[in-house]
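Subject: Handover of a structure and findings

Dear colleague,

Please find below the structure that I am handing over to you, with its sequence. My findings follow directly after it, and I would be grateful if you would read them with the coordinates open.

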Amino acid sequence: MMIATDRTLPRVPLAMPFGWYQVLYSSELAVGEAKPITYFDTDLVIFRTESGLTKVIDAYCAHMGAHLGYGIREHAGSAAAVVGENIVCPFHGWQFNGEGQCKHIPYAKNLPPRVARGEQLIRSYPVREINQCILVWYHPDDIDPTFEPPVVPEAELDNDEWGDIKAFTWEISTHMQEIGENAVDAAHFHFVHGTDGIPDVQKQEFGEFTRHGLLKTRNETPRGVIEGFIENISTGPGLSVIKFSGICDTLLLANLTPVHSEHARAMYAFIQKKVNGETVSGGIGDAIIANIRSQMEEDIIIWSRKRYYEKPLLCDGDGPFAKFRKWYGQFIPDRPAQN
Ligand code: FES
Ligand SMILES: [Fe+2]
C-alpha cells in the first residue's frame, strides 16, 4: 500500500475559528491613543476615545482607503489622532466613530448621502474590556456574539489579593486548534516536557462554549514529591484560565489569537498571590513561571512543524481528542482554509 502525504495542502487545513480574542492588554492603550493591529487576516485599527471606551474597526478609510492606524505630521511615527469619540483619517481629515460611521468631513459643504444618513461605512468589531485585557469578537460572517467572555476576579486590577500581571508573548506558526489540543494530550507531558509520569486526568467536560479539565500531577521537589492540580477552563477557542495549585498558587490567562489561519499569537499573563500586599518576584513563584514558559518553547518545536491529521492513529491512553475536536469544531465555519 502506498502511504503518502498530500504536500499541496496547508499543514493545517482548517479555517479560523470565531470567538472572543485578546488583542492588547488594557495598559497598552491610553485615552486618546490609536494603534494599527493585524488579527484575523485583517488590518485593523484600535483606539481609545476620550470617554475611555475602546473601539476596533477595519483599518482602511471609507473615503479613499488610507490606513487609519498611521498618523501624519505631528502624529508621524505614531497612530492617527483621536478627537473626542472619533478617529481622524490622516489623509483628508474625515472622522469616524467606533461604529464605523463618518461623523465629520471638515471641508465638504454637502455630505455624501451615505454619510448624511449615518450609514456604517467601515466594519466594526464588538469589544469587551475585562481582566486587564482588551477582547475582540471575531466572526468571519460578522455575526454578533453568541456567548460572553468570563470575568476572572483574580485578574481584575482592583483586587488586592492577587499581584500584578507578568506577561509573555509568543508567535506560533500553526493553527490555534493544534495548540488547544495540548490541554487534552496527557501523554505528551512526559515526552515533550519531561514530567514525572503521565498526569492523571480527573475531569474533562465539554460544555456549550466552555471546556473544563482537571489534571493531577506529581512534582519532584527538594522537599519530596508534591501532588498538584492543573485546572483548565476554556471559553471558546481564544480564552483559557489555567489554575496551578500545590506548590505556589498561580493563575494563568492563556489567550490565543489568530493572526492568520496558520499563525497564532499566544498572550500569557501569570498572576500569583500577593505576600504582605506586594507582588512577589523570585523564589518558587518565578520558578513555576519559568517552567511553564519552557514548556511552551518545547511545545512550539512540535507545533510549528507538525501536520494536522484529520484521522490520527489513536491508541488506548491517548486523551479525548475526538471529543475535543467535536467541541472545537463548533467554532470553525465549514469552509476551506485560506492560506
Ligand atoms: S482617505 Fe481618509 S479622509 Fe480621505
Ligand atoms: Fe505541552
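In this predicted model, the buried residues of helix α4 are G285, I288, D299 and W303. Viewed along the axis of α4, these buried residues fall within an arc of 65°, so they line one face of the helix. The other side of α4 carries the exposed residues G283, A287, A290, S294, E297 and I301. The cover over the buried residues of α4 includes the strands β12 (166-172), β16 (239-245), β17 (250-260) and β18 (263-272), together with the helices α2 (176-180) and α3 (188-193).

The length of α4 can be checked against expectation. The helix comprises residues 283-303, and at 1.5 Å a residue its 21 residues should span 30 Å; because the C-alpha atoms at its ends are 30 Å apart, the two values agree.

Seven strands make up an open sheet with antiparallel pairing, in the order β12-β18-β17-β16-β15-β14-β13. β12 and β13 (200-206) are the edge strands, each of them pairing on one side only. From one strand to the next, the twist averages 20°. Helix α4 packs on this sheet, where it touches β12, β16, β17 and β18, and the direction of α4 makes about 5° with that of β12.

- β13 and β14 are paired in the antiparallel sense over six bridges. K203 has L214, in β14, as its bridge partner.
- β14 (residues 210-221) and β15 (residues 224-235) run antiparallel and are joined by twelve bridges.
- β15 and β16 form a hairpin with three residues between them, and in the turn G236 has a positive phi of about 70°.

The three-stranded sheet

A further open sheet consists of three strands in the order β1-β11-β10, again with antiparallel pairing. β1 (19-25) and β10 (127-130) stand at the edges with a single partner strand each, so one side of each is left without a neighbour in the sheet. The twist in this sheet averages 30° from one strand to the next. Between β10 and β11 (residues 133-138) there are four bridges, in the antiparallel sense. I130 has C133 of β11 as its bridge partner.

Which residues does R128 touch, leaving aside its neighbours within four places in sequence? R128 lies in strand β10, and its contacts beyond those neighbours are W20, L135 and P149. R128 counts as partly exposed because it has 16 C-beta neighbours inside 10 Å, which falls between the limit of 12 or fewer for exposed residues and that of 20 or more for buried ones. The C-alpha atoms of R128 and L53 are separated by 9.6 Å, although these residues are 75 residues apart along the chain.

The two domains

The domain assignment of the protein gives domain 1 (19-138) and domain 2 (156-329). Taken over C-alpha atoms, the centres of domain 1 and domain 2 are separated by 34 Å. The contact takes 13 residues from domain 1 and 15 residues from domain 2. On the side of domain 1 that touches domain 2, the elements giving two or more residues are β1 and β2 (34-39). β1 gives the most to that side, with six residues.

One residue of the loop between β11 and β12 deserves a separate entry, namely D158. Is D158 buried or exposed? D158 is exposed, because 5 other C-beta atoms lie within 10 Å of its own, and 12 or fewer is the limit for that class. A distance of 23 Å separates the C-alpha atoms of D158 and Y21, which are 137 residues apart along the chain.

With kind regards

Notes:
Residues are numbered from 1 along each chain as its sequence is written. Chains are lettered from A and ligands numbered from 1 in the order in which they are written. This is a predicted model: local features need pLDDT of at least 70, side-chain atom pairs count only at pLDDT 80 or more; totals for chains, interfaces and linings use all residues. Two strands pair if DSSP finds at least two bridges between them. Axes are lines fitted to C-alpha atoms, for helices over the stretch in contact, and angles run from 0 to 180 degrees between N-to-C directions. The expected span of a helix is 1.5 Å times one less than its number of residues. The arc is that of the directions from the helix axis to the C-beta atoms. Two residues are in contact if their C-beta atoms, placed from the backbone, lie within 7 Å. Domain bounds come from an automatic or database domain assignment.
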